[in-house]
Amino acid sequence: MKKHPLFKSIVFFIITTVVFYSSCQRPTLKEETITLDANNGISNQSYRYNAGPVIQHEGFSGSKCVEVNDKNAFGLSIVIENARPGEHFSAEVRRLDQKSGAAFLVAECSWGPYLKQNIPIDSMREKNWDLLHLNLMVPQYLQQAVIKFYVWNPNKIPVLFDDLSVHRSLPDSLAEPKNIQVQFDSLSIEIDSAGMYKLEHIRQKAIQKGILESGDADWVSGKLINKDDVMQAKFRLKGDWTDHLVGKKWSFRIKLNKNHYWNRIRTFSVQRPESRLFLREWLFHQLLLAEDNLSPRYGFLMLQLNNRTPGIYAWEEFFEKQLLEYHHRREGPIVKFNEDGFWQSILKGLSNNTLDTLTPYYAASVIEPFKHNKTLGNPLLRKEFLQAQKLMNAYKYASLPVSEIFNLKQMAVFFAIVDLMQAYHSLRWHNLRFYYNPLTARLEPIGYDGFGEEAMPWSDPFIGYRQSKYRISNARGEDLLTTAFFKDTVFYRMYIHDLYHFSDPKWLDAELSKLTPEIRYYGQIIRKEYPDYKTNLSALFDRAAALRKILLPLKTGSVTAYRLSKRGNQQQLVLKNFHAVPVNIIAIGLSKQEPGQYINNLLVYPSDQQGQSDWDTLSFNGEGHYLYYRIPGIDSMFLCEIIDYPPPLPIKSKTSEFKSLKNWFSIIDKQVVFKNSLLQIKQDILIPKGYRVIIPAGATLNFTDSASFISYSPVSIEGNAGQPVLIQSTDSSARGFSIIQANEPSVFAYAHFDHLNTFNEAGRILTGAVNIYESAIQIKHCRFSRNQCEDALNIIRSDFSMSESSISHTLADGLDLDFSHGTISHCRFRYIGNDAMDFSGSRVDVDSCYVKGAGDKGLSAGEASHVQVNALHIEHSLRGITAKDLSLVTIDKLSLFDCLYGFVAFQKKPEYGPAVIRVKSFNAKHIRYLDKIEAGSQLIYPVP
């Protein structure tokens, strides 16, 4: 049949249109692997590539490979020019094992990250060729990205590479890389028949009751086997509800016998992954760890019991000192509320909303420490626990401001991440865990038990949602544990700032990108037993987006302001905040375009919407039709129009209180300036945050009658050679000079610290005559002498420099550094009661220093310290250089004279490892024993 001309035209138009649109569409994404080797080139010519310096040498898969060194540093390059949001890339390359130092597999990303890997996967080694591997994900907020994969060797010694492959996965929920063998931790438990009979009896009893009640008599002995390492251990069933005991897969608490450790942990739990929502709990821990908040170590492993078929378990560290050491915290009590009464009421069936008054298990709960016997049996820990108990009790009944109980910064981070993850199970009173920091005398949260098998709901969209003054003042019982924080405006600002920050999709994408290799790794482990499990991170992005929507105010209706009065140039407003969180009123304006008159920030709480309450007043000079405000932690400004007549409700007035200041200093523009004279100080001085303390040249501060100095603000001591500053205690009773968590650096110049003693009060002990904690400091031309403390100078978790200074005639240690980074140059240490320089978990450069008369060690490095020494003289000391517990001391130009031991290296703590001392040049005279090196540790030095 003959076609009509109009029909032909329509067909031609349709075909042309389809061809045109097809040519305009982005290429269809597909999962593929691109390979590049020295023999055959690239497997897909559509990608840009460069093989690099190819040589004739037996490669991993042919007769050629690539040789890279400092002159030809790059090779095997593959460029991905069309990487899409959410795509995942897994790169691998083979490297010939040549013991030649660092040579890397690199991923260079157009949006910023520069990832490199030089540590091979041991289990994937073949024919002396190591396998380097790295993963990355393109952030969801990018439209398109470019990624360049290549190998790099910046060293002179050449390294051979072959077979670079890049696998690109589709942008779905973290698809697994293909053809990667998953290796993971595997443990075996062996318990004899008597022990298993006992556990089965306890299990059956728990199933009948509906909950598991555990006691000291429930432990059984057995063995925990990690590869070839057989460890004696005790085991008991773990968990409260019987979901931990179903089938043959039971949860256990494992306690290794003395001197046995697994992953540097002595006590831990294992449980089914679903009991804490699989990776959800692990991710909760990781986000806390990224912000330096305490959290037990957590992971996944394969576990078998008495040769039964192994199963996938989640493991979790228990609350012991190893948890604190891992996070660079000094040992102190970990406390909680005793929950026995709660579970007894569950057994009786009395725990519900109507009968709580008949079973006051929360009100009756006592505060108790973990490691009860050790804590109460140790005089120092006991004293610290008693103070922690007082703080916990004050928290329970809101009898002290939270700023006097907690580290507010960490609590704000904790609450915000709990909100982001919806880990609200961790906020139940019987799940709360706190560490008492003896250096700050404050409690720090330990994130734990965020989930059951399902996420626990919260009555509000987030913890701080509409926490009005009315809600706070009317809170009772367990509710006080959260509402008490929102009385503190500093905490409220920190919390909202953190909640907004953590809900930023860019921040979340960056954090998850860092964790992508582990997420994939653990996802593959979990899918070995739970094949349908998917790591759904899109829900977390949805949660973050929802939080952001609530945090941002509406264009109208979030804040209402009335003009109460106007007399000449003076005006008074009343306003109410109907938004979800507090607002900061920052300016008055005549127009919507820009603010006119800025005012001091007025923080306005959310309204409780109870009529007359929660009105705030604002007085100012000038004209204004609009109020400009911010949400704490959010940079954008918002505004509301001022209603030009009084409100229909009466106004509630407010008053402020101010504290008087001491007579030894004046306050000028937030500067605390001490007088330039002899000051007899018989009372404690405590400087809060927000100031700068200045002690001028020539000032003498004589602390007597057990007075102390503690500043939470930076301190500038401005002495000079002719007029040094003297900080002393003529009766040797002064309880130290301390700077704690100052936000800006401090400077000590030409200061003499003499005859100071230890701060010891209500369980809070600062071991140094001078203490610097989480505060950057520069010390120059200073003298520390005749101090009666464990340490003359104790610097903890701080960046520092110390030059042209001296420490002498100390009772014990001279300089004690804990988890700090910095330099010590041209300093003298004389007649030290114990160690002249004692470093723990620190990275330090020591240059041109002198030690004479150290009662023990001239220089001691422990707990994985790295110390670089250039020009050091040690004489008349018991030991010259000591390294222990994974520490590395590198020395050039060392002089030793009249010492019992020159070099000592050993392992002291079982959870660490051996130490290394590396000496480039030294001379030694009158040394009885040049070295004492424990097996496993090393002393490397030139042989004459």
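**Note on strand pairing and helix packing in the predicted model**

1. Strand β57 and strand β58 (residues 888-906) run parallel and are joined by 15 bridges. Within this pairing, Asn870 has Asp892 of β58 as its bridge partner. The structure discussed here is a predicted model, and the points below should be read accordingly.

2. Strand β57 (residues 866-884) is also joined to strand β55 (residues 843-854), by nine bridges, and these two strands run parallel. Lys852 stands opposite Glu875 of β57. A further parallel partner of β57 is strand β56 (residues 857-862), joined to β57 by four bridges. In that case Leu859 is the residue opposite Ile881 of β57.

3. A separate point concerns an open sheet of four strands, in the order β21-β20-β22-β23, with antiparallel pairing. Its edge strands are β21 (367-369) and β23 (442-445), each of which pairs on one side only. On average, neighbouring strands of this sheet are turned by 40 degrees against each other, direction ignored.

4. Within the sheet, strand β20 (residues 334-337) pairs with β21 over three bridges in the antiparallel sense. Val335 is placed opposite Pro369 of β21. Helix α8 (residues 379-397) packs on the sheet and touches β20, β21, β22 (434-437) and β23. The direction of α8 makes about 40 degrees with that of β20.

5. Two packed helices are described by the angle between their axes and the distance between the axes. For helix α9 (residues 408-421) and helix α12 (residues 489-502), the axes come within 8 Å and cross at roughly 40 degrees. α9 is therefore oblique to α12. The crossing of α9 past α12 is right-handed.

6. Which residues of α9 and α12 meet? From α9 the contact involves Leu408, Lys409, Met411, Ala412, Val413, Phe415, Ala416, Ile417, Asp419 and Leu420. From α12 it involves Phe491, Met494, Tyr495, Asp498, Leu499 and Phe502. The residues of this contact between α9 and α12 comprise 13 nonpolar and three charged, with no polar ones.

7. On confidence, the protein has an average pLDDT of 87, and 90% of the residues score at least 70. Over residues 1-27 the pLDDT is below 50, and this stretch has five contacts in the model beyond near neighbours in sequence. Residues 353-357 likewise have a pLDDT below 50, with three contacts in the model beyond near neighbours in sequence.

Notes
Residues numbered from 1 in each chain as written. Predicted model: local features only at pLDDT ≥ 70, side-chain atom pairs only at ≥ 80, totals over all residues. Heavy atoms only, no water. Axes fitted to C-alpha atoms, helices over the stretch in contact; angles between N-to-C directions. Parallel < 35°, antiparallel > 145°, perpendicular 65-115°, else oblique. Left-handed = near helix turned anticlockwise from the far one by under 90°. Contact = heavy atoms within 4.5 Å. Nonpolar A, V, L, I, M, F, W, Y, C, P; charged D, E, K, R; others polar. pLDDT = per-residue confidence, 0-100. Pairing = 2+ DSSP bridges.
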